[in-house]
Amino acid sequence: MSEQKKRVVIVGGGITGLSAAFYMQKTAREQNLPIEVMLIEATNRLGGKIQTVRRDGFVIERGPDSFLIRKKSMETFAKDLGIDGDLVRNATGQAYILVNGKLHPIPGGSVMGIPTKVGPFLKSDLFSLAGKLRAAGDIVLPRSRADKDQSLGHFFRRRFGTELVENLIEPLLSGVYAGDIDHMSLQSTYPQFFEVEKKHRSLILGMKKTTPKQVPQKDGHGASRKGAFHSFRNGLESIVEAAEQQLEQGTVRKGIRIEGISKQGDQTVLELNTGETVVADSVILTTGHMAASQIFASHGLLEGLKEIQTTSVATVALAFPEESIVQDTEGTGFLVSRSSDYSITACTWVHRKWPTTTPEGKVLLRAFVGRVGEDAIVDLPDDEIERIVLEDLGKIMTIKGKPDFTVITRFKEDRPQYRVGHRERVDAARAELKEAFPNVKLAGASYDGVGLPDCINQGKAAVEEVIADLFAK
């Protein structure tokens, strides 16, 4: 008689849920485990924020456009899906910070804003002489005695002063979270800096010692021309399409919401908006934290997750004929300092950074709007957002005529803010669930990292936990 299959329900079909479903089925096959996987997604598509528009020969990302190569899980996922041959690396080029209406090159030797080479830092006009002297104080300052979580702003201002932080570190570090560094948690966003200070005292000296040396090129300029990011030739949605195709038939159910949750002995019962109930031996909840909180509202659980704030952002992709854009600046894009009077927060010259995205004779720009305290712009109509973005870009380059087309994507109340104390909030939520619903695991961008590889790591970790729980005996 065959062993009764254990049913694992994964809620949410973004990259966390998708990778969890794939690796759950892969592990079950390899270890001959009796597991049945059901993936429930509220919308009519999988992939969450990963959305690629393929139009007129352009490959345009609505959400994330790439992932860090040094974080291996996304590349491993691509290999496991058999699509690693489609990976492309970004073209390297100068990146800039927009301060006081001018594009300033990011100084060579900056590691996430921390200067590790003296020459480029001293020559940079991003900072005044007083700002440079204050930043150099990091070399002699003692370690912080703080062992509790603190804001990135507090941590970096103490070491470098305000100017380096506002003109370089803040635009570089806050972008991915669309956050405010004076509230962002050091422990939950960039804990490596805390470790570097603890071990080396000075961040400048510590980053210099711990950053891998770049291999000089034949031209003698010494800069490594290898990009640090990967994407796919036909866009990031390639990985979503490949994963969905390789999930076992009948795994995925789209357009279905969880309306309620309860316990039945050792099992969890999910009430769906279709009127059905699904009995699960284990549940991996990969939705955003607000949706997770709503699912458990009737039990008075996960209330603390509501303290995790969100902000709204929008991406604005503009396609032009090559002759419409006149710019003196070579490079791949720029970030905007908060002190600048611009609505855009960053812009990528996509045709340069990702040449495979743009047809010959065309230009593709991708601007970003919205961040903590500045996200009202996301609610404006498309034509108004386009006008504001073109006006901002027109201060930096000459734009002749209208774009061939524009793709605007809004992510409303979608970007979780990892504020000071984030780790404690997440730990408390997981502890509550362990007590009341031990078969439910939390994973996804709201909890342990927002990058695509971070989300896959969380999906895989949840799979390991579930299998250990189900087959512990």
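Mentor: Let us begin with a helix pair: α8 and α9 are roughly perpendicular to each other, a label given to angles of 65 to 115 degrees, whereas under 35 counts as roughly parallel, over 145 as roughly antiparallel and the rest as oblique. This is a predicted model, in which local features need pLDDT of at least 70 and side-chain atom pairs count only at pLDDT 80 or more, while totals for chains, interfaces and linings use all residues. Residues are numbered from 1 along each chain as its sequence is written, and side-chain values use heavy atoms, with hydrogens and water left out.

Trainee: What are the angle and the axis distance for α8 and α9?

Mentor: Two packed helices are described by the angle between their axes and the distance between the axes. Here α8 (residues 191-200) and α9 (residues 203-210) pack at about 100°, with axes 9 Å apart. Axes are lines fitted to C-alpha atoms, for helices over the stretch in contact, and angles run from 0 to 180 degrees between N-to-C directions. Helices (H or I, at least four residues) and strands (E, at least two) are DSSP runs, numbered from the N terminus.

Trainee: Which residues of α8 meet α9?

Mentor: Phe193, Val196, Glu197 and His200 in α8 meet Leu203, Gly206, Met207, Lys209 and Thr210 in α9; contact means heavy atoms within 4.5 Å.

Trainee: In what order do the strands of the open sheet lie?

Mentor: Strands of a sheet pair through backbone hydrogen bonds, either parallel or antiparallel. In this sheet the order is β13-β14-β15, with antiparallel pairing; two strands pair if DSSP finds at least two bridges between them. Its edge strands, β13 (258-264) and β15 (277-280), each pair on one side only. Strand β14 (residues 267-272) is joined to β15 by four bridges, and Thr268 has Ala280 in β15 as its bridge partner.

Trainee: Is Thr287 buried or exposed?

Mentor: Thr287 is buried, because its relative accessible area is 16%. Thr287 lies in the loop between β16 (282-285) and α11 (289-295). Not counting residues up to four places away in sequence, Thr287 touches Val11, Ala292, Ala443 and Tyr447.

Note on methods:
Buried < 20%, exposed > 50% of the residue type's maximum accessible area, 1.4 Å probe, protein only.
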